[in-house]
Amino acid sequence: MSTPVITKPTADPAAKSGPTLAQRLTSFMPVIALVSLLAALSIADPDFFTQRSLTAAARTSSPLIVLAAGATLVVLCGGIDLSIAALASLSTVLFALWLPDIGGLTTFAVVAVAAAIGAVQGVAHVLLRIPSFIVTLGGMSIFSAVALVVSDAGPVRIVDREATSWLTMYVAGYVPVSFAVAIAVVAGIALVLKLTPLQTWITATGYSESAARLAGTPVDLVKIGAFCVSGGCAGLAAIMLVSRNFSGSPTMADNLLLPAVAAIVVGGTAITGGHGSVWRSLAGALVVSLLRVGLPIVGVPSAYEQILYGAIIVAAVALTLDRSKVLIIK
């Protein structure tokens, strides 16, 4: 009887050669899109590429950057947070109502409460084994209803504008403080991920939750933490919106949900989880913000914004989707 010969599997040539050209181009697509969009807007309106216009665009983009940065962590874990805009709207109302009583502590209180609400959603998702899509869809409805009730279905005016005046200031005379805070939030999240095991845990959870559990990753705590950060970022985005509108409203941030999702996927973060970063979402948020500013410049009616965002999301997801996991519901 002949002894079977066991051959050692040969390494995949593609693995040795590293990322393919297509993968490298995809990783740079957000930056390429951002530069191309800036060039196109400058050609369409030569006055756009001025300090005043860019400063206004940076200030407008700040809440979106913060919202997208927080929600990116949930997406990286393989989930999604559809409640961020509704939670931000509720947070604007809470800020306006609490400001007369607790003064300067209102900002910290609102961010802390929003983070706690996000954590509760994470606990519901983890313990009840309900898909994050359903949990946050329900949360979106609840937060919108609560905001309408506590505000009497109308805006709540801010009397003391000093509480948010720091967000309307400028660094070096032309960089809005709100934009600097948004960049600091992205940098802070990225730094914490890099200096701790969190980045490995989040990536592992997003790639394969079952494999991550077998490897000892605290998957449940990672997911709850991601929802907590997402909620806290929604609260901070709400403060930025209040500083611009001088009021709280139960619908103030509702139009930011689709742009936030678009920013995440345009930045190259896979909606199936495990691949992406908050820096990519920053680039995606800048692209989406410039689109919002640029559409009127080129004569596109604002009514077409939602159509454009929908098309962008579908196209971006088609490019970044991990098709080996499309049958997994998260």
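**Helix packing and its surroundings**

Modeller: Over residues 102–124 the chain is 87% helix and 0% strand, with the end C-alpha atoms 30 Å apart; helices here are DSSP runs of H or I of at least four residues, strands are runs of E of at least two, and both are numbered from the N terminus. This is a predicted model, in which local features need pLDDT of at least 70, side-chain atom pairs count only at pLDDT 80 or more, and totals for chains, interfaces and linings use all residues. Residues are numbered from 1 along each chain as its sequence is written, and side-chain values use heavy atoms, with hydrogens and water left out.

The unreviewed UniProt entry annotates "transmembrane region" over several spans, including 64–90, 102–124 and 224–243, although such annotations may be inferred rather than shown by experiment. Residues 224–243 are 100% helix and 0% strand, and their end C-alpha atoms lie 29 Å apart.

Turning to the packing itself, helix 3 (51–76) meets helix 10 (residues 219–245) at an angle of about 170 degrees, and their axes are 7 Å apart. The two helices are therefore roughly antiparallel (an angle over 145 degrees). On the side of helix 3 the contact (heavy atoms within 4.5 Å) is made by Arg-59, Thr-60, Ser-62, Pro-63, Val-66, Leu-67, Gly-70, Ala-71, Leu-73 and Val-74, while helix 10 contributes Ala-226, Phe-227, Val-229, Ser-230, Cys-233, Ala-234, Leu-236, Ala-237, Met-240, Leu-241, Ser-243 and Arg-244. These residues divide into 15 nonpolar, five polar and two charged, where Gly is counted as polar and Cys and Pro are among the nonpolar residues.

In the loop between helix 10 and strand 4 (247–248) sits Phe-246, which has a positive phi of about 55 degrees although it is not a glycine. With a relative accessible area of 29%, Phe-246 counts as partly exposed, a class that lies between buried (under 20%) and exposed (over 50%), using a 1.4 Å probe and protein chains only.

The loop between helix 3 and helix 4 (84–102) holds Ser-83, a buried residue with a relative accessible area of 1%. Leaving aside residues up to four places away in sequence, Ser-83 touches Gln-121, Thr-136, Gly-139, Met-140 and Phe-143.

Finally, Asp-152, in the loop between helix 6 (132–150) and strand 1 (156–157), also has a positive phi, of about 60 degrees, without being a glycine, and Asp-152 is exposed at 69% relative accessible area.

Notes
Axes are lines fitted to C-alpha atoms, for helices over the stretch in contact, and angles run from 0 to 180 degrees between N-to-C directions. Angles under 35 degrees count as roughly parallel, over 145 as roughly antiparallel, 65 to 115 as roughly perpendicular and the rest as oblique.
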